[in-house]
Amino acid sequence: MADPKSVLEFAKRNDVKILDLRFTDLPGLWHHISYPIEQLTEAAFEDGFGMDGSSIRGWAAIHESDMLLIPDPGSSLLDPFTEVSTLVMVADVIDPVTKQRYDRDPRYIARKAELYLASSGIADTAYFGAEAEFFIFDNVRFDQREQHGFYFIDAEEGRWNSGRAENNLGYRPRFREGYFPVPPTDHYQDLRSEMVVAMQNAGLMVECHHHEVATAGQTEIDLRFNSLVKSADSMLLFKYIVKNVANQYGKTITFMPKPIYGDNGSGMHTHQSLWKEGKPLFAGDGYAGLSQLALWYIAGLIKHGPALAALIAPTTNSYKRLVPGFEAPVNLAYSRRNRSAACRIPMYSAAPQARRVEFRPPDPSCNPYLAFAAMMMAGLDGIENKMDPGPPLDKDVYDLTPEELAKVPSMPGSLEDALDALERDSGFLLKGDVFTEELLRTYIEYKREREVNAVRLRPHPYEFLLYYDI
């Protein structure tokens with residue numbers, strides 16, 4: 001359904017009653033507004049639907065908050081979770097005064113990144129394939145007030161329930177040993193399969209699903225790669241489906257990078273490659289079967305890694321996963337197969353079309369439109385400036401001497417450090433007006449005030465254990 005007429009025919013054929021338009025705030029949360037289907041006409045695909053953007057995080061101030069939502073006919077689908085037949089479409093945000101795309105709409109930023117790629121002459125398509133991990137919990141409680149702060153998580157599959165007296169059948173993954181167990185240790189095979197079927201019914205292409213390393217229901221479902229904007233659209237639909245299928249079974253999902261102390265966090269390893277006229281540009285006769293262009297792209301990711309961190313690992317919680325010596329790849333280096341390097345070259349296939357780089361620091365708390373666009377812009381900067389990625393990191397990092405390890409650059413250790421890095425190194429994002437200075441300033445100010453400073457001001461529960469009796 002790539003045109004308005006086809007969408008209207010589809011709605012009539014399926015007796016649709018409600019139109020639901022989806023759009024994304026700056027941090028990356030999907031929002032929606034619904035209309036009776038009679039309001040959807042061919043003219044509406046040009047005229048749009050009015051909405052108030054004043055309360056959307058990172059958007060306009062209240063005195064300039066009127067916005068238009070323009071439905072994208074290529075994104076239409078039937079919502080699988082509503083009782084009333086509902087047609088969903090992703091919308092682009094338009095300034096009603098200028099009739100131009102709204103600069104703070106994350107989807108527009110991703111669109112501009114694709115246009116910049118095409119105008120560069122380097123490639124015409126950037127493919128992204130993200131592997132989003134998440135946890136399936138049975139109960140979560142949290143609160144933060146003036147005189148108390150706590151969180152409490154429970155999961156039937158959590159190893160901490162092994163000593164429970166009632167209704168205990170055992171079979172729970174040990175901490176950091178949850179990779180690929182079969183049922184009954186893997187409690188959620190059927191639930192994940194239902195998620196996959198729902199995704200397929202919604203038009204997403206799924207490659208596989210499995211239990212992840214952590215206990216307490218850590219899961220990964222991999223989508224097939226697609227172009228930049230389509231992959232970002234798919235990731236938001238992915239999250240919507242996962243959360244709603246789990247909710248139907250009395251479960252709750254979190255994409256927080258590190259919800260459980262002492263076990264693996266959730267990443268979003270992102271595979272990426274450039275193509276031109278249907279031909280892969282990352283295949284060659286260099287290291288790990290890569291082309292020189294691919295190595296320059298990798299060098300861009302490495303050079304700009306600290307600045308990228310603010311967009312690909314954008315929460316204070318992200319840096320409880322990105323800790324040296326633990327499971328997350330903080331070393332800004334590249335390697336074939338070595339998962340301790342930030343840039344890994346998968347070696348599953350020698351086919352030219354399979355040549356790609358997997359960038360491992362991102363996590364699923366990011367806004368995919370901003371994250372994918374920023375990673376591609378970093379890679380293109382590496383190509384345009386023919387950057388040298390240096391030697392590959394083919395050693396086990398635990399075998400490196402302190403002197404050797406000190407020579408390997410690393411990701412920032414906190415969101416504050418990442419935001420500082422983005423302030424110092426943002427020129428590569430401003431090329432082609434893909435990101436604007438105003439947008440980045442808004443993003444950085446929002447993150448500092450609403451997240452970094454908000455967490456800094458509040459006592460941490462562990463501080464009571466450390467300091468109460470001082």
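A polar contact is a pair of N or O atoms within 3.5 Å; within protein, one of the two must be able to donate a hydrogen and the other to accept it. In this predicted model, the side chain of Arg 104 makes such a contact with the side chain of Glu 438, at 2.3 Å. The side chain of Arg 104 also reaches the backbone oxygen of Trp 59, at 2.7 Å. Arg 104 is located in the loop that runs between strand E6 (86-94) and helix H3 (106-120). Its relative accessibility is 14%, and Arg 104 therefore counts as buried, since the cut-off for a buried residue is under 20%.

With a relative accessible area of 28%, His 187 is partly exposed. The side chain of His 187 reaches the backbone oxygen of Tyr 171 at 2.8 Å. When residues up to four places away in sequence are not counted, His 187 touches Glu 156, Glu 157, Gly 170, Tyr 171 and Arg 172. Between the C-alpha atoms of His 187 and Leu 466, which are 279 residues apart along the chain, the separation is 36 Å.

Helix packing was examined next. Two packed helices are described by the angle between their axes and by the distance between those axes. Helix H4 (residues 189-201) packs with helix H5 (residues 228-248) at an angle of about 135 degrees, and their axes are 9 Å apart. H4 and H5 are therefore oblique to each other, and H4 passes H5 in a right-handed crossing. On the H4 side, the contact is made by Leu 191, Glu 194, Met 195, Ala 198 and Met 199; on the H5 side, by Phe 238, Ile 241, Val 242, Val 245 and Ala 246. The residues of this contact between H4 and H5 comprise 9 nonpolar, no polar and 1 charged.

Another helix pair is formed by H6 (residues 292-303) and H8 (residues 368-384), which pack at an angle of about 120 degrees with their axes 6 Å apart. That angle makes H6 oblique to H8. The crossing of H6 and H8 is right-handed. From H6, Leu 293, Trp 296, Tyr 297, Gly 300 and Leu 301 take part in the contact, meeting Met 375, Met 376, Ala 378, Gly 379, Leu 380, Gly 382 and Ile 383 of H8. In the contact of H6 with H8, 9 residues are nonpolar, 3 are polar and none is charged.

Key
Residues numbered from 1 in each chain as written. Predicted model: local features only at pLDDT ≥ 70, side-chain atom pairs only at ≥ 80, totals over all residues. Heavy atoms only, no water. Axes fitted to C-alpha atoms, helices over the stretch in contact; angles between N-to-C directions. Helix = DSSP H or I, 4+ residues; strand = E, 2+ residues; numbered from the N terminus. Parallel < 35°, antiparallel > 145°, perpendicular 65-115°, else oblique. Left-handed = near helix turned anticlockwise from the far one by under 90°. Contact = heavy atoms within 4.5 Å. Nonpolar A, V, L, I, M, F, W, Y, C, P; charged D, E, K, R; others polar. Buried < 20%, exposed > 50% of the residue type's maximum accessible area, 1.4 Å probe, protein only.
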